[in-house]
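I opened my notebook to look up a few things in this structure. My entries follow, in the order I made them.

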Amino acid sequence: MDNEKMIYIDEKKAERLLKKIIIMEKQNLRTKQYNDAEMVRRIKKAIEEEVECF
């Protein structure tokens, strides 16, 4: 047996997450509501929420 670990990626969830992040970034570029550190936290939170749904 190989020591490789198989990682399953749900393409629909990945696409949905990518779109969500792009929308968040685009909105923040317009409003300048969040600084870089806060956007990183918001993106991490969105990723964690999507992973919990998995």
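I began with the length of helix H1, residues 11-31. I took helices (H or I, at least four residues) and strands (E, at least two) as DSSP runs, numbered from the N terminus. At 1.5 Å a residue, the 21 residues of H1 should span 30 Å, and the end C-alpha atoms are 30 Å apart, which agrees. The expected span is 1.5 Å times one less than the number of residues.

I noted my ground rules next. This is a predicted model, where local features need pLDDT of at least 70 and side-chain atom pairs count only at pLDDT 80 or more, while totals for chains, interfaces and linings use all residues. Residues are numbered from 1 along each chain as its sequence is written, and side-chain values use heavy atoms, with hydrogens and water left out.

Then I asked which residues of H1 are buried. I found Lys 13, Leu 17, Ile 21, Met 24 and Asn 28. They cover an arc of only 70° around the axis, which puts them on the same side of H1. The arc is that of the directions from the helix axis to the C-beta atoms. Buried means under 20% relative accessible area, exposed over 50%, and partly exposed in between (1.4 Å probe, protein chains only). An α-helix has 3.6 residues a turn, so residues three or four places apart point the same way.

I turned to the face of H1 directed away from the buried side. The exposed residues there are Glu 11, Lys 12, Leu 18, Ile 23, Lys 26, Leu 29 and Arg 30.

I checked Ile 22, also in H1. Ile 22 counts as partly exposed, at 46% relative accessibility. From Ile 22 to Met 6 I read 28 Å, C-alpha to C-alpha, for 16 residues in sequence.

Where is Ile 9? I located Ile 9 in the segment before H1. At 58% relative accessibility, Ile 9 counts as exposed.

I moved on to Lys 32, in the loop between H1 and helix H2 (36-53). Lys 32 is not a glycine, yet has a positive phi of about 55°. Lys 32 counts as exposed, at 62% relative accessibility.

Last, I looked at the whole protein. I counted two helices and zero strands. The radius of gyration is 15 Å, well over the 10 Å that the globule rule gives for 54 residues, so the protein is more spread out than a compact globule. That radius is taken over C-alpha atoms, and the rule is 2.2 Å times the number of residues to the power 0.38. The C-alpha atoms fill a box of roughly 50 × 20 × 15 Å along the principal axes. Of the 54 residues, 17% count as buried.
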